[in-house]
Amino acid sequence: MESKIEKKEFNITVYTENQIGLLNRIAIIFSRRKLNIISLNTSPSEVESIHRFNIVIHETEEVVKKVARQIEKQVEVLKVYFNTNEEIIWQELALYKVPTDVITEHVSVERLLRAYGARAVVIRKDYTVFEATGHREETEALVDFLQPYGLIEFVRSARVAIIKASDGFHAKLREFERLEPGEQVAENEYLNKGQKVFTM
Amino acid sequence: MLQKDALLTRTEETVITTEQLSGSEILLKGLIAEGVDTIFGYPGGAIMPIYDALYDYHDQLKHILVRHEQGATHAAQGYARTSGKVGVVFATSGPGATNLITGLADAQIDSTPMVCITGQVYAHLLGTDAFQETDVINITTPVTKWNYQVTDASEIAEALAKGFHIAKTGRPGPVLIDITKNAQLQLIETAAYEKCKHIRSYRPTPIIRTQFIEQAAALINQAQKPFVLFGQGVLLGHAEQEFKAFVEKAGLPAAWTIMGAGAIPTDHPLNVGMLGMHGNYGPNVMTNECDVLIAVGMRFDDRVTGRLDKYAKQAKVIHLDIDPAEIDKNVKTTVPVWGDCKETLPMITALLEQKSHDAWLQRFRDFDQEEMSQCIDAEIHPKEGQLTMGEVINQLNQLTNGDAIIVTDVGQHQMVACRYAKFNHTRSNITSGGLGTMGFGLPAAIGAKFGAPNKTVVAVIGDGGFQMTLQELGTIMQSGIEVKIMILNNQFLGMVRQWQELFNDRRYSFVDITSPDFVALAKSYSIEGQRISERSDLKGALKTMLDHKGSYLLEVMVTKENNVFPMVPQGCSVSEIRLK
């Protein structure tokens, strides 16, 4: 019960048709309720022609559940899942542009690359671009490290996440394509909470 | 240059084989295939090709020229609500389309099936701030169930088929299809129109789970104090008979939301009245006393529930709804029954024990008596003073016998009409429930009559709301439709005034509204009418209105400062309902 009231990070995974305007339709479900989206990523999914949204939001389970149902209600949305950070594997990618001369003079680049799992993408006379992927704390730690050495530019991508308990969407899609689907597609997923995500 | 292109296309049309159709013709043929016979609309530059095609189809598609696009949407809503069919609207781009917003929002929140076709500038002009270009898709996204922009004629048939399927299935709602002018003009090889039966990402009706049917039936069978709340879902699901069988078998007292009014007749022995802020005394109080609360096709709107944390906390809640997002949205459910109530109700009924709850039902009737003596009697049988809204509606009941369709606007008269009008038939109460749209009444009444031409349609409207869409008198004049317009004039924006009286120390801030001579106004549109203010004239005037051949406007001057009671003040629990 307590966990429902407590705000935490939730990862919403949305499988959709690829249609213009759908991003807006989904985004306004959040903005209408004055909910802040921490990160949003759209990408292809494991199934051709089906798109996948990864949305990160800091909210209570109660709110996330209602929002998830509103998203799933949209005509072009096939399925919505929401998971806590513990239930997913996730990564974010970050790029760091730093002045090459300062870095080579003051930093042990080798140590930097090893300690932060970073790699150099571009090395030029005037600047170097490092790349790091990982959890938020990891990519942020590298920002803190590089800041004193004249970090010129920093950018981080949206979160991409894989649901640990997922069997993927191929089988599900076949169900959706049938006029009379099996239970697992048409059922509401919040009924059998005990079971793993994709058989709900 | 554009003009030239258009001309070229049109001359080609005459020489090319008959299989080639313009986008506009594909659209109109599609509408006919979908069973559309009436369109409410207003032409303009960007939808001209469609109107040009309509010229050749006007014997199959009746087009009602409204006086404002908002009127078209409300008329389409009225049509949809009385006929059970999809309401269709045509409007042009830019201002034509933006004028649809209020009607779309109203249809969205009240789940009314509607398909709006808007013209749009040429595809190559999109995003250039072209004349009468508005981003209609993005403006209408929050107020449509689905919308789509067509830029090529080849998409029209599919978009239309999808639109109709989406508008009328599952929880119905408004759909908007925006068609660029080039797509309307474009000629393409066309196959026969095919209706849409299935969209893979769209599940209009959730699968019914028997374990919840069984649990629901068991709860109802065990209940000592069961109480049913029903809403528009019963009407939308065409489940009136199934609902009646359900409540009758287990002897369940049933109360309605204003959108559900008429699903069972007002006089049905198990109909215990109206829910909500201005609903009946018994249903509100008993909500917090019942042991099992059964909600059928209703969504626990805040005007129905009052304060949520003091709402039916003692009860086990069974919620029947076709829209999974409604379950647990406002009120926590013990047993969720997803599905179309036309299917789920009979399944539950089959498992119910034949029962009656006479003592429990009698308690509702006791509350009725208290409400009658303390509140209703003075409203519908006043002995002296000016006319009241309640007595007008009561008198109307006696003349129509509850067989008329009552369309209301929004405000005090709406609550009075919903409370006191008698409904023998389903789809007889047409009102703006969720959005509370002033100006809804007159155009909705026009549409309601087109949707139910054999019924008497009475529009009950306040002096404020009437002035928001009174230009639709022109639509009545031109179409010759027969609508009985009854303006209940209290010379105030009465509902806001009531709140200012009760909660703002009678600081009447901008609620004093003057009106034109409504009768003279109607006359200028060739509509007969009269104004009355005396009790002795009431019955005769109502009779004249109802007997008159053609539309009629009756203005009734009523008490200026009358309040609608009972009332659940905002922020209070339903059991804190006030009788005065």
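This is a predicted model: local features need pLDDT of at least 70, side-chain atom pairs count only at pLDDT 80 or more; totals for chains, interfaces and linings use all residues.

Me: What makes the contact between H2(B) and H3(B), by class?

Reply: From H2(B) come B:Ser24, B:Glu25, B:Leu27 and B:Leu28, which meet B:Pro49, B:Ile50, B:Asp52, B:Ala53, B:Leu54 and B:Tyr57 in H3(B). By class, this contact of H2(B) with H3(B) has seven nonpolar, one polar and two charged residues.

Me: How do you know whether H2(B) is roughly parallel or roughly antiparallel to H8(B)?

Reply: Helix H2 (residues 23-33) of chain B packs with helix H8 (residues 156-168) of chain B at an angle of about 30 degrees, their axes being 9 Å apart. Because angles under 35 degrees count as roughly parallel, H2(B) is roughly parallel to H8(B). Here, too, H2(B) passes H8(B) in a right-handed crossing. The contact is made by B:Gly23, B:Ile26, B:Leu27 and B:Gly30 of H2(B), together with B:Ile156, B:Ala157, B:Leu160 and B:Ala161 of H8(B). By class, the contact of H2(B) with H8(B) has six nonpolar, two polar and no charged residues.

Me: What makes H6(B) mostly covered?

Reply: Helix H6 of chain B spans residues 101-109, and seven of its nine residues are buried. A residue counts as buried if 20 or more other C-beta atoms lie within 10 Å of its own, and in H6(B) the buried residues are B:Thr102, B:Gly103, B:Leu104, B:Asp106, B:Ala107, B:Gln108 and B:Ile109. What covers these buried residues of H6(B) includes helix H4 (69-83), strand E5 (114-120), helix H7 (136-140) and strand E7 (174-180) of chain B. Just after H6(B), B:Ser111 takes a positive phi of about 50 degrees.

Me: Which are the edge strands of the open sheet in chain B, and what makes them edges?

Reply: The sheet has six strands in the order E16-E15-E17-E18-E20-E19 (chain B), with parallel pairing. Its edge strands are strand E16 (429-430) and strand E19 (528-532) of chain B, each of which pairs on one side only. E19(B) is joined by five bridges to strand E20 (residues 552-557) of chain B, and the two run parallel, with B:Gln530 standing opposite B:Leu554 in E20(B). Helix H24 (residues 535-547) of chain B lies across E18, E19 and E20 of chain B, running at about 165 degrees to E19(B).

Me: In what sense do E1(A) and E4(A) pair, and over how many bridges?

Reply: Strand E1 (residues 8-17) of chain A and E4(A) pair in the antiparallel sense over seven bridges, and two bridges are enough for strands to count as paired. A:Asn11 stands opposite A:Asn83 in E4(A). E4(A) is mostly covered, with seven of its eight residues buried.

Conventions
Residues are numbered from 1 along each chain as its sequence is written. Chains are lettered from A and ligands numbered from 1 in the order in which they are written. Axes are lines fitted to C-alpha atoms, for helices over the stretch in contact, and angles run from 0 to 180 degrees between N-to-C directions. Helices (H or I, at least four residues) and strands (E, at least two) are DSSP runs, numbered from the N terminus. Angles under 35 degrees count as roughly parallel, over 145 as roughly antiparallel, 65 to 115 as roughly perpendicular and the rest as oblique. A crossing is left-handed if the near helix is turned anticlockwise from the far one by less than a right angle, and right-handed if clockwise. Two residues are in contact if their C-beta atoms, placed from the backbone, lie within 7 Å. Ala, Val, Leu, Ile, Met, Phe, Trp, Tyr, Cys and Pro count as nonpolar, Asp, Glu, Lys and Arg as charged, and the others, Gly among them, as polar. A residue is buried if 20 or more other C-beta atoms lie within 10 Å of its own, exposed if 12 or fewer, and partly exposed in between; C-beta atoms are placed from the backbone.
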